[in-house]
Amino acid sequence: MVEREDPQHGEELRQSFLRFLPQRLKTLLRRARGQCRDGWDVNALRLLHTEFGTLAAACGRYGLLELGERLYALESELAPYVDALEVPDADATARLGSLLDGLRPHIEQDDAGADESAQARTENGYPLLEIPPPGYWRQLGAPDLAAVPPAPDAAASAEAAPAPAPAPGAQRVCVLGDDAALGAELAERLAAQGHVLQRTDTPAALCALLDSAPPQLVCVGPHHLDALDAIGVALRRARAASAHRIALLAMLPDDDVGLRLRALRAGADSCVPPPAQTADVLARIGELLVSDGSEPYRVLIVEDDPAQALFAEAILRKAQMQARVLHEPLPVLDELDRFQPDLILMDLNLPGCDGLELTALIREREAFVNTPIVFLSGDPDTERQYAALDAGGDDFLTKPIRPKHLIAAVTSRVRRARLSARRARQRRMRDPATGLHLRAQLLDSLNELIAAGSAVRTRGGLLCVELRDARTLRERVGLAAFDALLVQAGNFIAAQLEPNEMIARFGDAGFLLLAPERGEAALLGLAHGLCERVARERFGGAALPLAIACGICDFAAGADDAAAMLRGAERALEAARHGPSGVALLSQLARADAGVAGRIRSALANDGLHLAFQAVVPIGGVAEEARFQTLLRLRGPGGRVLAATDLLPEAQRSGQLDAIDRWVLRRCVELIAAREREGRPLHLFASQSIAIADDPRRLPWLHDELEAAAVPRGRLVLEFRYDEVRTRLRALIDLAPGLRGLGVGMALSGLDREAAQAGLIAHLPLDFIKLTLRDIDDGMLGALVGAAHAHGRRVIVARVEDAGGAARALAAGADYLQGNFVHHAGVGLDYDFRTAGG
């Protein structure tokens, strides 16, 4: 897990979502209306249900509550039919139609806003002039200005103006799909590369385009895979009639082998599994378009029979390849450097040096180790054929051969070889802005390592490195300086790596490191060494110290793809954030699961945690309502009860603290609601980690819990520990308005002399402060109580063990007592507050 998004980035995401929301609504509405009108399909029903839910969740996240409720209603209406694998009947379809009508005002409101925006861009009835983006004409299919001859006059130009044509060298990419955001970004990026993006809404429109003006590449979105068979038929017709290659890219809804096979059978050249990020789609598009417009394939023919050599040369030249013929084997070694062939087509039986020996000589040349060598021979001896492949040949074709077969074999080999070389070059390339590898390159390399090593690979791993306190540092130095610091830190870390290791940026303040050959001890050594060296170094013009945390997912942990490795590294990073060394290894975390972390995980899954309660008693007077501090407990082996001090550090290291916090809150809400129904009001103090401030979903979740249980305002108080929040005070301040809006109080425990001297009580938006007598003397206690009362805070003195401690709290003017002197913690809420005062 990486540093959470800063507010500025979150606002950028929100604005991007709002820009494309109307188009997504229109697309969903059109598809849903089509199902209501033409009849339901189970697969389309499932996709609509998923998309309504996804869009509803996004609307809730970005504050569009009314629209989110409408979309949730649609998702809920479809849910029973998805679960039962049935389609809606006539009554349900009518209800869905009414719900769909509720989406129209949101679309029409945006259209009205667009009209107002267009109106605002005019002055005195004339449109304001704006500067279009560079190369905007390519998005419209228009040629570059330099390629357009000047027209003699306007009239002649109007009569003879041809239809807009793509820019010279531009290639057309047609997308069949409904993802407006992905399509817009693809259009922008492809236009920057000199290509043109076309969009079609239906499979029928795509098939018509393939028949009339086929593009160089077709992308089929995940919602149209049911039409792959029909698209495949049109694609085969277009490929047979077209002079250029037509590639097909299929974007899958899930990484299913059956779907991949179906796409490949329809003629797909490549498949993109979810999630379909723009960078991944562009990378595949680049690979599929690279052969068109690139230099011709170069084939070196080694054949001692002139007639056979002329036959092969004529076929390959007719297929637009460059072919060069040599009749003697030994001159081939000199010709390799001059011609730089993409493929060598070789006879097996040659004079003076046969094909096996020549292949061995070629493979000794480092530059041609991976150059494809295809044998074309009439030798019927299968043992000789096997020997040719064993000597370093890639394929064996027998004479006589059909021209189509020869062209297909050569084309396939060269295309794969060029693609492999291109990917290898990309892996060596660095991002010019950061000096690091691109993340897609690193993950491609990771997938290749996993595929090559299968499940038996035990060396190597992926490291997720994160800058500690990145948000605080960004606020301190500013965004530009922070980016410069990240670049410098990334280059410093890259300098510590081996040549075969890779590093890429990850998230807002992190890096991914791929170390393919290090064992477990070496991976840990690398991580610890990086932490130490970064801590010693100073960065930026202000010579700032930095600190990092490292999570490691080693191949021994058993991850079977790059996504699983990344999740494992993020889990290890979560544990590293809270560990003493700042380093965690996933396989070690797994081995530790049998300990406390494993028992916590089991208790969360089986409701094995429980709460104890200790009374918080007023000093003087009689308590009108009960107040208790909740204390987390877990029964361990041998009957030993584990307290929060035993559980929380291990929960932090194993990434379970969030789940524990939620469990405590949910249990408190249930207890308060139950006592409220009995007419016995209850106030509970619930300890929480400051991580609640980093989770934008936590307060909405708590709101739903409180509302569902009808918990009155003021019954729940969240307590934070000062030693945890001393470096996160801004987060605590920002959290307060949200809690107050829910009617939830806030308390801070463990304040010490440092906090008193800093005057935090006056500045933090607290309802209660909790003091411990052993941390402060009587003078400081009185000063803190006075400051708290002056700013409307109530004071609890905790861990009161004897009458002397109670007397000190009374003398200082504290409001409440908590501790064994007053009440021993237990599982019941049975303390009699009516006799506690005085």
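## A walk through the predicted model

Let's start at a loop: Gln340 sits between H14 and E10, where helices (H or I, at least four residues) and strands (E, at least two) are DSSP runs, numbered from the N terminus. This is a predicted model, in which local features need pLDDT of at least 70 and side-chain atom pairs count only at pLDDT 80 or more, while totals for chains, interfaces and linings use all residues. Residues are numbered from 1 along each chain as its sequence is written, and side-chain values use heavy atoms, with hydrogens and water left out.

Gln340 is worth a look for its backbone: its phi is near 50°, a positive value in a residue other than glycine. Most residues other than glycine have a negative phi, and most peptide bonds are trans. With a relative accessible area of 38%, Gln340 is partly exposed; buried means under 20% relative accessible area, exposed over 50%, and partly exposed in between (1.4 Å probe, protein chains only). Ala710 also has a positive phi, near 55°, and lies in the loop between helix H27 (698-709) and strand E25 (716-721). Ala710 is exposed, with a relative accessible area of 57%. For a cis peptide bond, turn to the step from Lys399 to Pro400, where omega is near -5°. Pro400 belongs to the loop between strand E12 (395-398) and H17.

Stepping back, the protein chain has 33 helices and 29 strands. Of its 838 residues, 46% count as buried. Among contacts (heavy atoms within 4.5 Å) with a separation of 6 or more, 68% are between residues 24 or more positions apart.

Now to helix H15, residues 355-363. Its buried residues are Gly355, Leu356, Leu358, Thr359, Ile362 and Arg363. Seen down the axis of H15, they fall within an arc of 165°, so they line one face of the helix; the arc is that of the directions from the helix axis to the C-beta atoms. An α-helix has 3.6 residues a turn, so residues three or four places apart point the same way. What covers these buried residues includes strand E8 (298-302), helix H14 (332-339), strand E10 (343-346), strand E11 (373-377) and helix H16 (382-390). At the start of H15, a side-chain oxygen of Asp354 comes to within 3.2 Å of the backbone nitrogen of Leu356.

Next comes a pair of helices. H9 (residues 203-212) and H10 (residues 228-241) pack at an angle of about 10°, with axes 9 Å apart. That makes H9 roughly parallel to H10, a term for angles under 35 degrees. Axes here are lines fitted to C-alpha atoms, for helices over the stretch in contact, and angles run from 0 to 180 degrees between N-to-C directions. From H9, Pro203, Leu206, Cys207, Leu210 and Asp211 meet Ala230, Ile231, Ala234, Leu235, Arg237 and Ala238 of H10. These residues divide into 9 nonpolar, no polar and 2 charged; Ala, Val, Leu, Ile, Met, Phe, Trp, Tyr, Cys and Pro count as nonpolar, Asp, Glu, Lys and Arg as charged, and the others, Gly among them, as polar.

Finally, visit two single residues. Glu313, in helix H13 (residues 306-318), counts as buried at 17% relative accessibility. Leaving out residues up to four places away in sequence, Glu313 touches Ile301, Ala323 and Val325. Ser412, in helix H17 (residues 403-428), counts as partly exposed at 28% relative accessibility.

Definitions and conventions: Angles under 35 degrees count as roughly parallel, over 145 as roughly antiparallel, 65 to 115 as roughly perpendicular and the rest as oblique. A polar contact is a pair of N or O atoms within 3.5 Å; within protein, one must be able to donate a hydrogen and the other to accept it, and residues adjacent in sequence count only if both atoms are side-chain atoms.
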